[in-house]
Amino acid sequence: MNALLQSLVRGIGLMASLGLFLLALVVTAYAFIEGGSVVAEILQFSDPEYSVIYNAMKVVDLFLLGFSVLIASVGIYELFVGVLPNMPDWLRMEDLDALKGVLVKTIIVVLGISFMGRAVTWEGEEGLLSYGIAIGAVVIALSIFLSVKSETSPTPS
């Protein structure tokens with residue numbers, strides 16, 4: 001019974017990892033397409049500077065999202081299926097907390113880019129302050145989560 005449960009968990013982990021890997025590929029392909037579109041717009045020299053900054057940051061955001069999903073895919077594989085050879089140390093996931101920590105740090109960066117994009121294109125029509133406060137609250141909460149998690153994690157001897 002134990003071997004059957006272990007095989008089932010590994011199978012589910014493999015399916016989840018493969019699904020996330022496919023999603024990472026699609027998001028990254030979409031980022032390349034959007035990046036090509038942004039490059040074409042920039043080369044027309046007709047967009048104002050704030051539009052160029054905003055569009056470039058959207059592409060950066062898409063690539064970060066793709067890599068975040070890829071990290072989740074690798075992390076789930078390593079946690080539930082097996083160790084992948086030749087992976088850098090920062091991508092080794094020994095427990096779920098390590099995976100959550102990497103993803104939370106990426107989310108904080110993505111939120112910062114999102115706010116910067118909104119701030120660059122802001123023309124006073126919407127509440128930038130409330131948007132910034134909301135993002136700031138999430139970043140603070142995630143930062144507290146990371147600091148509490150690191151304080152409660154056992155230190156390697």
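Helices (H or I, at least four residues) and strands (E, at least two) are DSSP runs numbered from the N terminus. This is a predicted model, in which local features need pLDDT of at least 70 and side-chain atom pairs count only at pLDDT 80 or more, while totals for chains, interfaces and linings use all residues. Residues are numbered from 1 along each chain as its sequence is written, and side-chain values use heavy atoms, with hydrogens and water left out.

The UniProt annotation "transmembrane region", which comes from an unreviewed entry, covers residues 12–33, 62–81, 102–122 and 128–148. Residues 12–33 are 100% helix and 0% strand, with end C-alpha atoms 32 Å apart, and residues 62–81 are 95% helix and 0% strand, with end C-alpha atoms 28 Å apart.

Helix 1 (residues 2–43) packs against helix 2 (residues 49–80) at an angle of about 165°, the axes lying 8 Å apart; axes are lines fitted to C-alpha atoms, for helices over the stretch in contact, and angles run from 0 to 180 degrees between N-to-C directions. Helix 1 and helix 2 are therefore roughly antiparallel (a term for angles over 145 degrees). The contact of helix 1 with helix 2 comprises 25 nonpolar, seven polar and three charged residues, where Ala, Val, Leu, Ile, Met, Phe, Trp, Tyr, Cys and Pro count as nonpolar, Asp, Glu, Lys and Arg as charged, and the others, Gly among them, as polar.

Helix 2 also packs with helix 3, at an angle of about 170° and with axes 9 Å apart, and these two helices are therefore roughly antiparallel as well. Their contact divides into 19 nonpolar, five polar and two charged residues.

Terms used:
Parallel < 35°, antiparallel > 145°, perpendicular 65-115°, else oblique. UniProt positions renumbered as here; feature names shortened; annotations may be inferred.
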